[in-house]
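User: Hi! Could you walk me through a few local details of this one?
Analyst: Happy to. Here it is, and we can go topic by topic.

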Amino acid sequence: LLWGFTGVFGKLVTISALPMVWYRVLIAAIAIFIYIKWKNQSLVVSKKHLFQLLLIGGIVGLHWYTFYQSIKVSNVAIALSTLSLGALFTSIIEPIIFKRKVVFSEIILATIVSGCVVWIFQASPEYKLGIIYGAICSLLSALFSVLNSTFKDAVKPASITFYEMLGGFITINLLMIGFQPDTFNEVINVGCSNFIWLVLLGVIF
């Protein structure tokens, strides 16, 4: 349900995907920072964990970018349907990260579900680019979800999210500077209605 609302709000925002994610991760980071201070929690983490969280945050930022870009070049339904590929990617990534045996039943089930995405790809070739972005989004989602699970009790959840949003913000800025510098104009001229949707995305979804 949350993914559905996230997708709808993403469609309602009229700015392009990179500045949209720029605002989303920034607003989320600010909201989480306020929450942490309100709860009197510490943001102190080891240098190793900080580096890891910032890197994972970069993956999160790319994940959100590909998700919203999928919506922009196709539609919400396509972007959401490709998320089903996450089960397949997770069944492959988890054994690699945790060095455990592959559970073939998981792969078989995930492959069957992923077959639906292949059918959509064949039935709607005009949405090919959106499906590709959606598949990349699903891969990145599976990757950062598995990586996050490696922290367990080492870092508090709020701190994890804060530093990951910060890492995502840094990554999106680098992408905008390197590949789409003109999108900073959209950041400056975001508009009132867009900003309201972005606040909802950043704080609630």
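User: Great. Which side chains does the 3.4 Å polar contact join?
Analyst: That polar contact is between the side chains of Asn75 and Tyr127, at 3.4 Å. Keep in mind that this is a predicted model.

User: Noted. Where does Asn75 lie?
Analyst: Asn75 is in the loop between H3 and helix H4, the latter covering 76-81.

User: And what else is Asn75 in contact with, leaving aside neighbours within four places in sequence?
Analyst: Besides Tyr127, Asn75 is in contact with Lys11 and Ser70. The Asn75 side chain also has a polar atom 3.1 Å from the backbone nitrogen of Ala77. As for Ile131, which is 56 residues away from Asn75 along the chain, the two C-alpha atoms are separated by 9.8 Å.

User: How does Asn75 count in terms of accessibility?
Analyst: Asn75 has 21% relative accessibility, so it counts as partly exposed. The cut-off for buried is under 20%.

User: Okay, another loop. What about Thr183, buried or exposed?
Analyst: Thr183 is buried, because its relative accessibility is 5%. Thr183 sits in the loop between helix H8 (157-179) and helix H9 (184-188).

User: What does Thr183 touch, not counting residues up to four places away in sequence?
Analyst: Thr183 touches Ser16, Pro19 and Met176. A polar atom of the Thr183 side chain also lies 2.5 Å from the backbone oxygen of Gln180.

User: Let's move to helix packing. At what angle do the axes of H3 and H8 cross?
Analyst: Roughly 60°, with the axes of H3 (residues 47-73) and H8 coming within 6 Å. H3 and H8 are therefore oblique to each other, and their crossing is right-handed.

User: Which residues meet there?
Analyst: On the H3 side, they include Leu50, Leu53, Gly57, Gly58, Gly61 and Tyr65. From H8, the residues at this meeting include Ile160, Tyr163, Gly167, Gly168 and Leu175.

User: Nice. How do H2 and H10 cross?
Analyst: The axes of H2 and helix H10 (residues 192-203) cross at roughly 55° and come within 8 Å. That makes H2 oblique to H10. H2 passes H10 in a right-handed crossing.

User: And which residues of H2 and H10 meet?
Analyst: Met20, Tyr23, Arg24, Ile27, Ala28 and Ala31 in H2 face partners in H10, where Phe195, Leu198, Val199, Leu201, Gly202 and Val203 meet them.

User: Switching to backbone angles: which phi value does Asn40 have?
Analyst: Asn40 has a positive phi of about 55°, although it is not a glycine. Most residues other than glycine have a negative phi. Asn40 is placed in the loop between helix H2 (17-38) and H3, and it is exposed, with a relative accessible area of 72%.

User: What about the phi of Lys99?
Analyst: The phi of Lys99 is positive too, near 55°. Lys99 is in the loop between helix H5 (86-98) and helix H6 (104-123). With 77% relative accessibility, Lys99 counts as exposed.

User: Last topic, cysteines. How many disulfides does the structure hold?
Analyst: Zero disulfides.

Conventions
Residues numbered from 1 in each chain as written. Predicted model: local features only at pLDDT ≥ 70, side-chain atom pairs only at ≥ 80, totals over all residues. Heavy atoms only, no water. Disulfide = S-S within 2.5 Å. Helix = DSSP H or I, 4+ residues; strand = E, 2+ residues; numbered from the N terminus. Buried < 20%, exposed > 50% of the residue type's maximum accessible area, 1.4 Å probe, protein only. Polar contact = N/O pair within 3.5 Å; in protein donor to acceptor, adjacent residues only side chain to side chain. Contact = heavy atoms within 4.5 Å. Axes fitted to C-alpha atoms, helices over the stretch in contact; angles between N-to-C directions. Parallel < 35°, antiparallel > 145°, perpendicular 65-115°, else oblique. Left-handed = near helix turned anticlockwise from the far one by under 90°.
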